[in-house]
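Colleague: Could you walk me through this model, starting with the charged pairs?
Modeller: Gladly; here it is.

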Amino acid sequence: MGRDVTYASYLDLDRVLSAQHPVSGAHDEMLFIVVHQASELWLKLCLHELAGARELIAADELRPAFKMLSRVARAQQQLIGNWDVLSTMTPHDYSQVRPFLGRSSGFQSAQYRLMEFMLGGRDPDMVTMHEATPEVAGELRAELGRPSLYDEALRLLTRRGFAIPAEVLERGLERPHEANQAITEAWAQIYRDPDQYWDLYELAEKLVDLEYHFQRWRFGHLKTVERIIGFKPGTGGTAGVPYLESVLKKGFFPELLAVRTEI
């Protein structure tokens with residue numbers, strides 16, 4: 001059976017390379033489609049790796065988790081690079097494509113939302129736009145019922161003897177994590193003595209990498225949208241650039257930034 005496998009058949013290239021269906025007749029529509037499809041594939045890999053890393057953190061097996069988290073950060077660099085390619089589209093180019101997009105928008109990406117939820121950026125209201133696809137809405141709701149990646153990191157700190165407040169560990173999982181001084185102090189203890197807590201120190205830095213790259217992705221999105229459509233509303237009904245500016249203020253691991261002031 002293995003001898004019958006080809007490069008094209010293993011990668012299912014017939015379907016992958018026939019999944020682009022431009023409708024506008026504009027030359028740059030192929031760019032627009034490919035960039036967004038490629039982004040969804042990278043997001044799929046990120047979700048796969050984050051799910052594996054979360055399980056390993058819960059099992060206190062950090063070394064293999066680090067490899068997965070590093071891979072996510074590298075994949076995020078590819079996502080950021082996609083904006084550099086898309087930014088070659090001029091306002092005139094996009095104006096030829098936009099009328100054919102209807103109300104479709106990257107704001108509706110279920111995989112992007114799932115990655116936000118996995119990292120801890122949780123808002124149950126964001127599930128509403130996916131109700132027309134029950135299996136997608138169900139997957140997002142299921143994620144809201146699981147501990148986020150950061151939740152598992154905080155549970156690990158508890159098992160290692162750090163004083164993580166019960167109200168943090170016992171809060172409803174669908175709610176986003178909020179900054180807590182006691183957690184900042186726990187991370188500060190780790191950062192002040194990395195030799196003693198090396199694996200936890202490295203875990204913290206891997207998490208910082210994820211947020212750093214996620215925010216760079218958001219910023220790249222903002223600047224690409226600003227460059228192509230200015231301050232027009234987005235196709236999905238968002239405010240466009242002002243909305244993208246607002247989400248830049250939403251982080252995932254507030255204590256890991258606050259600890260830098262503490263030490």
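This is a predicted model: local features need pLDDT of at least 70, side-chain atom pairs count only at pLDDT 80 or more; totals for chains, interfaces and linings use all residues.

Colleague: Where do R122 and E143 sit in the chain?

Modeller: R122 lies in the loop between α6 and α7, whereas E143 belongs to helix α7 (134–144), so the pair ties together parts that are 21 residues apart in sequence.

Colleague: And is R122 buried or exposed? What about E143, buried or exposed?

Modeller: R122 counts as buried at 4% relative accessibility, and E143 is likewise buried, at 2%.

Colleague: How many salt bridges does the count come to?

Modeller: The count comes to 14 salt bridges. One of them joins the side chains of R218 and E116, at 2.7 Å from N to O; R218 is in helix α11 (residues 198–229) and E116 in helix α6 (residues 110–119), so this pair ties together parts that are 102 residues apart in sequence. R218 is buried, at 3% relative accessibility, and E116 is buried too, at 8%.

Colleague: What about D199, which partner does it have?

Modeller: D199 forms a salt bridge with R160, and their closest N and O atoms are 2.6 Å apart. That pair links distant parts of the chain, with D199 in helix α11 and R160 in the loop between α8 (149–159) and α9 (166–169), 39 residues apart. D199 is partly exposed, with a relative accessible area of 25%, and R160 is also partly exposed, at 32%.

Colleague: Which residues do shared partners join into one network?

Modeller: Salt bridges that share partners join R54, R122, E143 and R146 into one network.

Colleague: Switching to aromatics, how many pairs are there?

Modeller: A search of the whole structure finds 11 aromatic pairs. In the case of F252 and F253, the ring centres are 6.0 Å apart and the planes stand at 50°, so the pair is tilted. F252 is buried, with a relative accessible area of 4%, as is F253, with 1%.

Colleague: Which cluster are they in?

Modeller: F252 and F253 form one aromatic cluster with W83, Y112, Y150, F214 and W217.

Colleague: Last one: what does T184 touch beyond its sequence neighbours?

Modeller: Leaving aside neighbours within four places in sequence, T184 is in contact with E255, A258, V259 and E262. T184 lies in helix α10 (residues 181–192) and is buried, with a relative accessible area of 3%.

Notes
Residues are numbered from 1 along each chain as its sequence is written. Side-chain values use heavy atoms; hydrogens and water are left out. Rings of Phe, Tyr and Trp (its six-membered ring) pair if their centres lie within 6.5 Å; planes under 30 degrees apart count as stacked, over 60 as edge-to-face and the rest as tilted. Buried means under 20% relative accessible area, exposed over 50%, partly exposed in between (1.4 Å probe, protein chains only). Helices (H or I, at least four residues) and strands (E, at least two) are DSSP runs, numbered from the N terminus. Contact means heavy atoms within 4.5 Å. A salt bridge is a side-chain nitrogen of Lys or Arg within 4 Å of a carboxyl oxygen of Asp or Glu.
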